[in-house]
Amino acid sequence: MRKVAVLVCFCLFTSCDWFTSKEEKTQELVNEEMRNINFNEVDKYPLFDNCDEMLDKTGQLDCFQNTLLEQYTATLEDFEFQFVSDINTSIYVDFLVDYKGEISVLEVQRNQDIENQIPEFRTIITQSLKGLPPLSPALKRGVPVSSKFRIPIIVNSN
């Protein structure tokens, strides 16, 4: 009889989980999963049509950056800038690729020397980004997400 009483007490103490609803258990699992997600990193980077989506993350990022830099180089080579004084500086451009794959310029870093010598520089940079070929957005767990990027543009008048 004593063994039965101990067994019943043991079952009562361990049965608390039996009464927890499945919804609460599911919510606990979802909350745990959400805590483990790094929202500052994407699973797949935005890709242009010429990039292979089967590449690893590093390859995708390289293809994205190379295509972007090729576009900037081609755009800036079309212009003949006249410099009054020597310039050797880097300008940072912040832009957003939204969940639809559309690009918008967030900020072009200000530089007084460049603004004085090339007043249309910011407009050229903005138009260059808008003239990029179509691209697919970044993905996080298979869902299209917006992603922010910063690229340097080196201006050297030598």
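Are Phe 64 and Phe 149 buried or exposed? In this predicted model, Phe 64 is buried, and Phe 149 is buried as well. For Phe 149, the relative accessible area is 14%, under the 20% cut-off, so the residue counts as buried.

The aromatic residues were examined next. A pair of aromatic rings is described by the distance of the centres and the angle of the planes. Five aromatic pairs occur in the structure. One of them joins Phe 64 to Phe 149. Phe 64 sits in helix H3 (residues 57-77), while Phe 149 sits in strand S7 (residues 147-156). The pair therefore ties together parts that are 85 residues apart in sequence.

Phe 149 also pairs with Phe 95. Here the centres are 5.7 Å apart and the planes are at 25 degrees. An angle under 30 degrees counts as stacked, so this pair is stacked. Phe 95 belongs to strand S2 and Phe 149 to strand S7, so parts 54 residues apart in sequence are tied together. Phe 95 has a relative accessibility of 0% and therefore counts as buried. Tyr 45, Phe 48, Phe 64, Phe 95 and Phe 149 make up one aromatic cluster.

The nonpolar core comes next. In soluble globular proteins, nonpolar side chains tend to be buried together. The largest nonpolar core of this model has 30 residues. Within this core, Phe 95 and Phe 121 touch the most other members. Strand S1 (47-48), H3, S2, S3, helix H5 (121-130) and S7 each supply at least two residues. The most come from H3, which gives five. The contacts of Phe 95 reach several elements of the chain, and among its partners are Phe 64, Leu 68, Val 105, Leu 129 and Ile 151.

Charged side chains were then considered. Side chains of opposite charge can pair when their charged atoms come close. The model holds three salt bridges. In one, Lys 140 meets Asp 43 at 3.8 Å, N to O. Lys 140 lies in strand S5 (residues 138-140), and Asp 43 lies in the loop between helix H2 (22-36) and S1. These two residues are 97 residues apart. Lys 140 is buried at 15% relative accessible area, whereas Asp 43 is partly exposed at 35%.

Another salt bridge joins Asp 94 and Arg 150, with the closest N and O atoms 2.8 Å apart. Asp 94 is in strand S2 and Arg 150 is in strand S7, 56 residues apart. Asp 94 is buried, at 7% relative accessible area. Arg 150 is exposed, at 53%. Glu 115 and Arg 110 also form a salt bridge, at 2.5 Å. Glu 115 is partly exposed, with a relative accessible area of 24%, and Arg 110 is exposed at 59%.

Asp 98 presents a separate case. This residue lies in the loop between strand S2 (88-97) and strand S3 (103-108). Asp 98 is buried yet has no salt bridge. Its nearest side chain of opposite charge is Lys 100, 5.9 Å away. Backbone atoms do come within reach of Asp 98. A polar atom of its side chain lies 2.9 Å from the backbone nitrogen of Lys 100. The side chain of Asp 98 also reaches the backbone nitrogen of Glu 102, at 2.8 Å. Beyond residues up to four places away in sequence, Asp 98 touches Pro 137, Val 145 and Ser 146.

Conventions: Residues numbered from 1 in each chain as written. Predicted model: local features only at pLDDT ≥ 70, side-chain atom pairs only at ≥ 80, totals over all residues. Heavy atoms only, no water. Helix = DSSP H or I, 4+ residues; strand = E, 2+ residues; numbered from the N terminus. Buried < 20%, exposed > 50% of the residue type's maximum accessible area, 1.4 Å probe, protein only. Lys, Arg positive; Asp, Glu negative; His and termini not counted. Salt bridge = Lys/Arg side-chain N within 4 Å of Asp/Glu carboxyl O. Polar contact = N/O pair within 3.5 Å; in protein donor to acceptor, adjacent residues only side chain to side chain. Contact = heavy atoms within 4.5 Å. Phe/Tyr/Trp six-rings, centres within 6.5 Å; stacked < 30°, edge-to-face > 60°. Core = buried A, V, L, I, M, F, W, Y, C linked by side-chain atoms within 4.5 Å.
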